[in-house]
Amino acid sequence: MTAEIPMAKQADRRSQAAATVVALTIAGSDCSAGAGLQADLKTFGALGVFGVTAVTCVVAEVPGKVSRIDAVDAQNVRDQIELLLAHFPIGAIKTGLLFSPEIVETVASVLERSAQEIPLIVDPVMIATSGDALLQPAAIECYRSRLFPRATLVTPNMAEAAALTGWPVGNLAEMRAAGEELTRIFGTRFLLKGGHLDGAQATDLLFAGTAVAEFSAPFVAGVSTHGTGCTYSAAIAARLALGDSLEEAIARAKEFVSRAIREYFSWTNSSGEIHALNHGCSRGR
Ligand code: PXL
């Protein structure tokens, strides 16, 4: 005989299920799971948000080495997003690696038609931490014309901001100039991530209209940070889905990603050490 669930508990479960916040990541798969949609899902889960995914490409890689990338058919990407939007109460969307111009176009066209009101964080992933190219260069133009205008927030790192402006972006003053230029051109908010600045602090600048806000955390040296950009933008999306203002969401996401770096995992293999961000997994025994 199955045990009966007391009515109060059943109601409790129902209201819990009804209240569960959902976030969508549209991103590539990183088989080593420190970056990509795997990092996004772990981040969503750690922040109490149910994550759903639309896979854009499959990357065979480990930290420091990208071996191969295969795109998912753009029509399949479209179907994944449309199905998810039709069936789940999506509270926020983030995009990660979109790989090709066709996929950027497809994502932009679905979001224009079906998800106008949902906050959208665009992480314009171009290059892996290893230096390997991830995005086809022709896709950059599609980002500029189709996806940035629709974004709530775009989160380039310094190399991506340099690629988008054509200007050098190597210090805080250059970050300020590039951020002002990007908000002026695209009329949306940009968070320029200064994780690669030399110094004791990792400082990011939010450009929203004429206002600039600064977010800083102590720089953690000596950790391979594969996946920090993915984790950061996923955490911002999760916190927005939970109802934070943009500045609150960024401040909490910055804390989340700093902790994930500080509490990193490490293994030794025949070619040296391998690191991974800790998205909130406690060590099993
Ligand atoms: O960290 C950037 C990134 C994003 N998305 C995928 C990746 C990587 C880095 O390697 O594999 C799928």
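1. Overall architecture. The model is predicted. Its secondary structure comprises 9 helices and 11 strands. The radius of gyration is 19 Å, close to the 19 Å that the globule rule gives for 285 residues, so the protein is as compact as a globular protein of that length. The C-alpha trace spans about 70 × 50 × 40 Å along the principal axes.

2. Of the 285 residues in the protein, 50% are buried. Among contacts with a separation of 6 or more, 65% are made by residues 24 or more positions apart.

3. Geometry of helix 6 and helix 7. Two packed helices are described by the angle between their axes and the distance between the axes. For helix 6 (residues 158-165) and helix 7 (residues 172-186), the angle is about 55° and the axes are 10 Å apart.

4. Which residues of helix 6 meet helix 7? Helix 6 contributes Met-158, Ala-161, Leu-164 and Thr-165, and helix 7 contributes Met-175, Ala-178, Glu-181 and Leu-182. By class, the residues of this contact divide into 6 nonpolar, 1 polar and 1 charged.

5. Helix 2 covers residues 36-46, and its buried residues are Gly-36, Leu-37, Gln-38, Ala-39, Asp-40, Thr-43 and Phe-44. After helix 2 comes Gly-48, with a positive phi near 80°.

6. Ala-133. Is Ala-133 buried or exposed? Its relative accessible area is 59%, and since the threshold for exposed is over 50%, Ala-133 counts as exposed. Ala-133 is located in the loop between strand 5 (120-122) and helix 5 (139-147). Leaving aside residues up to four places away in sequence, Ala-133 touches Ile-69 and Met-126. Ala-133 and Leu-83 are separated by 50 residues in sequence, and their C-alpha atoms are 30 Å apart in space.

Notes. Residues numbered from 1 in each chain as written. Predicted model: local features only at pLDDT ≥ 70, side-chain atom pairs only at ≥ 80, totals over all residues. Heavy atoms only, no water. Axes fitted to C-alpha atoms, helices over the stretch in contact; angles between N-to-C directions. Helix = DSSP H or I, 4+ residues; strand = E, 2+ residues; numbered from the N terminus. Contact = heavy atoms within 4.5 Å. Nonpolar A, V, L, I, M, F, W, Y, C, P; charged D, E, K, R; others polar. Rg over C-alpha atoms; globule rule 2.2 N^0.38 Å. Buried < 20%, exposed > 50% of the residue type's maximum accessible area, 1.4 Å probe, protein only.
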